[in-house]
Amino acid sequence: MTSETTGSAIGAGGPGPGGVDDGGPATRAEVCVVACAEAFRGDGEILAAGIGGAITVLAARLARLTFEPDLITHDGVCLLTGDVPALGEDPEVIEGWLPFRDHLWLVLQGRRHVMLGASQIDKHGNTNISCIGDWARPKSQLLGVRGAPGNTVCDPTSYWIPRHSPRVFVPRVDMVSGVGYDRAAEAGASATRFHDLRRVVTNLAVLDFGAPGGAMRLVSVHPGVTVRDVVASTGFDLALPGGGTVPETRSPTTEELRLLRETLDPASLRTREVPG
Amino acid sequence: MRDKTMSVEEIVGSLESGMTIGIGGWGSRRKPMALVRAICRSALEDLTVVSYGGADVGLLCAYGKVSHVVAPFVTLDSIPLEPHFRIARQTGAVRFTEYDEGMFMFGLLAAAHRLPFLPTRAGLGSDVMRVNPGLRTVRSPYEDGEELVAVPALTMDVALLHLNRADRRGNAQYLGPDPYLDDLYAKAAGRCYVTCERVVDTAGLLKEGPVQSLLISRSMVTGVAETPGGAHFTTCEPDYGRDEAFQRMYAGAAADPAAWAAFQERFLSGDEAAYQDAVRHAREESP
């Protein structure tokens with residue numbers, strides 16, 4: 001471990017020198033990892049598929065090492081890992097093989113919970129990773145729809161959005177890549193049969209689609225974030241939880257912090273994705 | 001025994017403008033780049049490219065060889081967005097048929113098995129249906145009555161693949177961790193050409209890897225060319241990984257026409273041997 005790993009923490013204190021957990025409060029990145037890990041709670045023996053980057057991969061691995069031990073995790077390429085390596089490290093034990101073709105088949109089969117990214121997301125969970133502007137001649141060509149259409153109508157799907165802003169949380173996405181509740185309903189029974197958007201985790205909050213008609217609802221705000229921050233960063237009307245009070249996203253436990261800081265991400269790649 | 005070995009120039013010389021060409025690999029992984037580079041040097045134009053797209057699609061777009069891209073994505077993996085493809089899309093230089101990646105696989109499966117379409121849930125409710133107005137749905141004739149997307153067969157004139165080993169008859173072997181969908185391209189195409197890192201005797205194939213690594217049968221293959229480094233700068237494990245430094249140079253040069261012209265002059269102005277020499281020199285200059 002190097003001294004570079006001392007990320008700035010929210011509030012007083014923080015991780016001690018070298019990033020070793022000395023009981024200092026969790027950073028925002030750590031809160032986000034745990035909030036993403038919570039998306040996998042109860043999933044059992046299915047593949048936890050992160051879309052890549054630090055936070056979602058750490059989330060799946062942390063869930064497996066703590067409250068969801070039967071979860072299946074992969075190395076980011078095509079190996080199912082028998083152990084739970086640190087971010088960027090190769091597994092020592094391999095328990096399965098999942099080349100792209102089998103991964104595409106597994107999407108159809110459904111024993112998989114995926115945490116996707118989105119360049120745009122709307123009130124009903126339609127998401128866009130394809131292009132910005134008119135599809136016929138986009139202002140900005142992005143990835144293409146990739147697997148988002150099939151993932152969202154076949155598998156439990158959650159989203160990780162590292163920068164919660166009105167540019168991402170938009171009234172209407174430019175190209176529906178991932179299918180939201182309204183569009184699935186319009187498309188009919190085959191589209192809704194396995195459609196199941198679970199939660200959206202951002203750098204500010206946790207949201208779900210529990211409002212009437214499958215509309216987005218604020219579930220909790222991360223420590224240090226206000227409801228007003230979240231509302232101001234969302235480009236559509238956001239439903240608030242019943243009762244008027246918005247809970248705070250749970251903080252990582254001491255054991256979760258230790259696993260993140262010492263075992264899973266000693267180089268603190270998580271703070272590159274979510275600074276501060 | 002038929003000897004199917006050819007040069008990359010002979011393979012590319014057998015192609016025609018306006019053809020639909022499937023390209024194996026995935027993103028920036030095990031792409032038949034020596035053949036792609038040879039197409040860039042040729043007079044071919046107006047190609048339709050069917051691909052889990054990466055540097056292949058990008059480079060062909062940069063050379064104006066493509067009029068139509070059929071793909072679920074175009075990415076360089078470690079660099080998420082392929083800059084030359086972006087330019088082609090943003091300037092309206094190419095037509096784009098954009099499918100979900102599972103739909104795309106079913107299109108390949110259908111073509112490989114001589115079926116007109118295969119049904120899938122993938123695509124329902126998404127704008128893939130809006131931007132591909134020719135896509136149809138099909139209703140299950142059974143009790144469930146489900147209405148599913150009928151993905152049309154992704155038929156193609158020619159498939160181009162790069163594998164680790166092949167024999168002179170066209171049996172081809174992958175030694176890396178993932179076969180991608182290469183066998184489906186071989187079966188979906190009217191003709192399939194394979195480049196490989198090394199041509200070995202048929203008896204030598206199983207010295208290289210297990211029987212399960214024999215992915216492509218000679219009955220699917222029209223021609224074979226040995227092109228060491230033929231997937232460069234994409235991955236070709238275990239022979240070599242991705243040349244990340246080179247890929248960064250390739251992607252960075254797209255940002256500026258002068259930089260791209262210099263990149264072309266330095267690396268792509270000669271034949272494949274000249275390319276491989278230039279790559280070696282570049283590596284020696286900045287280890």
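Let's start where the two chains meet: 47 residues of chain B are in contact with 40 residues of chain A. This is a predicted model, so please read what follows as a description of that model. Together, chain B and chain A bury about 3,600 Å² between them, and 56% of that area is on carbon and sulfur atoms.

On the chain B side, several elements each supply at least two of the residues that touch chain A. They are helix H4 (83-90), strand E4 (95-98), helix H5 (101-112), helix H6 (128-131), strand E7 (147-152) and helix H7 (182-188). The largest share, five residues, comes from H5(B). Sorted by class, the side of chain B that touches chain A has 24 nonpolar, nine polar and 14 charged residues.

Charged side chains also pair up across this boundary, with a count of four salt bridges between chain B and chain A. In one salt bridge, Glu101(B) meets Arg146(A), and the closest N and O atoms are 3.5 Å apart. Another salt bridge brings together the side chains of Arg193(A) and Glu146(B), at 2.3 Å from N to O. Arg193(A) sits in the loop between helix H6 (189-192) and strand E10 (196-202) of chain A, while Glu146(B) sits in the loop between strand E6 (136-139) and E7 of chain B, so this pair joins two chains. Over all chains, the count comes to 34 salt bridges.

Helix H2 (residues 33-41) and helix H3 (residues 55-62) of chain B pack at an angle of about 10°, with their axes 9 Å apart. Because of that angle, H2(B) is roughly parallel to H3(B). From H2(B), the contact uses Met33(B), Val36(B), Arg37(B), Ile39(B) and Cys40(B); from H3(B), it uses Ala55(B), Asp56(B), Leu59(B) and Leu60(B). Seven of these residues are nonpolar, none is polar and two are charged.

H9(B) and helix H10 (residues 257-268) of chain B pack at an angle of about 135°, with their axes 8 Å apart. H9(B) and H10(B) are therefore oblique to each other. Here Phe246(B), Met249(B), Tyr250(B) and Ala253(B) of H9(B) meet Ala259(B), Trp260(B), Phe263(B), Arg266(B) and Phe267(B) of H10(B). By class, this contact has eight nonpolar residues, no polar residues and one charged residue.

Finally, a few backbone details are worth a look. Most residues other than glycine have a negative phi, and most peptide bonds are trans. In chain B, the peptide bond from His232(B) to Phe233(B) is cis, with omega near 10°, and Phe233(B) lies in the loop between strand E12 (223-226) and helix H9 (244-253). Glu237(B) and Pro238(B) are also joined by a cis peptide bond, with omega about 0°, and Pro238(B) lies in the loop between E12 and H9 of chain B.

Positive phi values turn up in loops of chain B too. Asp77(B) has phi near 65° and is found in the loop between strand E3 (66-71) and H4. Arg114(B) has phi near 60°, and its place is in the loop between H5 and strand E5 (117-120) of chain B.

How values were computed:
Residues numbered from 1 in each chain as written. Chains lettered and ligands numbered in written order. Predicted model: local features only at pLDDT ≥ 70, side-chain atom pairs only at ≥ 80, totals over all residues. Heavy atoms only, no water. Axes fitted to C-alpha atoms, helices over the stretch in contact; angles between N-to-C directions. Helix = DSSP H or I, 4+ residues; strand = E, 2+ residues; numbered from the N terminus. Parallel < 35°, antiparallel > 145°, perpendicular 65-115°, else oblique. Contact = heavy atoms within 4.5 Å. Nonpolar A, V, L, I, M, F, W, Y, C, P; charged D, E, K, R; others polar. Buried area = accessible area lost by both parts, 1.4 Å probe.
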